[in-house]
Amino acid sequence: MKEKFYITTPIYYPSNKFTLGNCYTTVICDTIARFNRKQGKDVFFLTGTDEHGQKISLSAEKAGKSEKQYLDEMIADAKALWSLLGITYDKFIRTTDDYHEKAVQKIFNKLYEKGYIYKGKYSGLYCTPCESFWTESQLVDGKCPDCGREVKLQEEEAYFFKLSEFSDKLLALYKENPTFLLPSTRVNEMVNNFIKPGLQDLCVSRTSVKWGVPVEFDPKHTIYVWIDALSNYITALGYESDDDSLFKKFWPADVHIIGKEIVRFHAIIWPAMLMALDLPLPKQIFGHGWMLFGGDKLSKSKTANVKECVDPRILAPRYSRDSVRYILLREIPFGSDGNYSTENFLTKFNADLCNNFGNLVSRTFSMLKKYFDSVVPAVKEYGANEIELQNKVLKEKDNVLAYMQSYDVSKAITSIFNIFSEANTYIQLAQPWAVAKQEGQEESLKAIMRSLLECIRLGCELLEPFMPDSSQKVLSALGIENKEFSNLDKFEGLKAGQKLSELSILFPRLDIAKELEELAKLS
Ligand code: MSP
């Protein structure tokens, strides 16, 4: 039986159109899902949207639409964006899906029946016109951050989840399983800042919020935020539905990939909920850093202030989806924050995609045409330079596999591009154009050309999950059409004697100043 692999993105709020920041997480997950499929695993990749709560109602109202109409339009836009970026999710869950709402009610009932949920009183700062509770830190000049009016201390009846009962179990979890949460720096933060000082019970229902799932046995209460949202990872698999075969097959998840601001919910509340439900915990949670735009996280509400062109709906059709995937995967050290700028995107496009990868491929293909009529040569013996190149490339390949084991996509794609750089350096060293002019050097020329072709073949096999379009284009010109990785350990993946097809330019060189001007007009 195939090894299974279950990976999830967070479910995003569709209170605004998705940004490049949301694309960051989704492209990472897609790459990891594609990579694991190429390793022969049975993969389930889940993404979706978190559609309940006051914020969604307000956004719909502002747009002059019903919640349903507003959400359906936003979800259509989200799905079009994922298709534009080549996201191969297996399921898209919406928390307004009927099966999810029913399962969440059952989960809530179960927790109540087991004594982990009780009725109490929630007190907070309330803005009556906005029907919203705020915390002290959310207020702006002591007033409601949405409408600027006075808030008053108010109490309402609410249900609470006994999170405080789970401190010891969570401490034991982090002690026994130090890689449950990655990068490991985030573990200290969870343990020292949140769990050790003592966890507070969590408010899990509101009577003041109407757009949400009602508590089945007390319907004036709406199930509030995290029980609804976090449960998606199991309800999407059919937990508490008529058909839970996917749940039985894929749970526990191999990894939840999330942004660092929601680590606390995934690393504390989610395991506690699962413990309370007697369910296995996910194997790993990875909290990545932020992509910063001019030092800012590009919180969706601030999008309008950003002068950069950061709309993937403009960038992907103009420069190819692979180039957008490239910058998202490469530029930010995985786990840390990193900056995005349009100028950097365009510079990297020219330097890495056009000069390094694109040029290697086009030079090699045109030399092969010139010297061997585009036919893959058979090699009797490799020389010392070729063997050195092979060793370097196979070492980079090992690095890629190891980095992907710990989900480090930025280091993995850097190693793949090192393969292309090594091959380019080797061309300068081997000087095939000079060898071609020498009498009796045909075998050497064959060894050079075959080495270059194998570098490209290996690099593109590894690159396919990251940049599927350009690598598939090259692989198909090389006559490689396997679904899973093959011949990664050797320099013999191509068939000698095979004639290669023509290949058009992969990434045409950009005039950066001109592009910046054009983009400023478009954004
Ligand atoms: N709905 C909750 C998540 C519930 S999961 C059970 C939520 N939604 S969100 O729409 O605000 O999406 C947040 C996620 O989007 C972050 O965790 C992160 O994965 C991604 N990002 C949004 N902007 C980002 C950056 N600028 N940089 C990196 N990731 C970003 O929170």
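## Around the ligand

A polar contact here is a pair of N or O atoms within 3.5 Å. Keep that cut-off in mind for this predicted model, where a backbone N or O atom of Ile 11 sits 2.8 Å from a nitrogen atom of the ligand. Gly 21 also brings in a backbone N or O atom, this one 3.4 Å from a ligand nitrogen. Asn 22 uses its side chain instead: one of its N or O atoms is 3.2 Å from an oxygen atom of the ligand. On its own the ligand has 670 Å² of accessible area, and the protein covers 95% of that.

There are 24 residues around the ligand, and those that come nearest are Ile 11, Tyr 13, Thr 25, Asp 50 and Lys 297. By type, the shell splits into 12 nonpolar, 8 polar and 4 charged residues. At least two shell residues come from each of strand E1 (4-12), helix H1 (20-38), helix H7 (226-230), helix H8 (232-235) and strand E14 (291-293). H1 is the top contributor, with 4 residues.

## Helix H11 and its buried face

Now for helix H11 (residues 312-319), whose buried residues are Pro 312, Leu 315, Ala 316 and Tyr 319. Look down the axis of H11 and these residues fall within an arc of 100°, so they line one face of the helix. Their packing partners are H1, helix H3 (67-84), helix H12 (321-330), strand E15 (338-340), helix H13 (342-372) and helix H19 (512-522). H1, then, turns up both in the ligand shell and against the buried residues of H11.

Asp 311 caps the N-terminal end, with a side-chain oxygen 2.8 Å from the backbone nitrogen of Arg 313. After the helix comes Ser 320, which has a positive phi near 90°.

## Cis prolines

You'll find Pro 183 in the loop between strand E7 (181-182) and helix H6 (185-195).

The bond from Trp 251 to Pro 252 is cis as well, with omega near 5°. Pro 252 belongs to the loop between helix H9 (245-250) and strand E12 (255-259).

Tyr 407 isn't a glycine, yet its phi is positive, at about 60°. It lies in the loop between helix H14 (384-405) and helix H15 (409-430). With 7% relative accessibility, Tyr 407 counts as buried.

Gln 431 is another non-glycine residue with a positive phi, near 45°. Its spot is the loop between H15 and helix H16 (432-437). Gln 431 is partly exposed, at 33% relative accessible area.

Key:
Residues are numbered from 1 along each chain as its sequence is written. This is a predicted model: local features need pLDDT of at least 70, side-chain atom pairs count only at pLDDT 80 or more; totals for chains, interfaces and linings use all residues. Side-chain values use heavy atoms; hydrogens and water are left out. A residue is near a molecule or strand if one of its heavy atoms lies within 4 Å of it. A polar contact is a pair of N or O atoms within 3.5 Å; within protein, one must be able to donate a hydrogen and the other to accept it, and residues adjacent in sequence count only if both atoms are side-chain atoms. Accessible areas come from the Shrake-Rupley method with a 1.4 Å probe; for residues, only the protein chains shown count as cover. Ala, Val, Leu, Ile, Met, Phe, Trp, Tyr, Cys and Pro count as nonpolar, Asp, Glu, Lys and Arg as charged, and the others, Gly among them, as polar. Buried means under 20% relative accessible area, exposed over 50%, partly exposed in between (1.4 Å probe, protein chains only). The arc is that of the directions from the helix axis to the C-beta atoms. Contact means heavy atoms within 4.5 Å.
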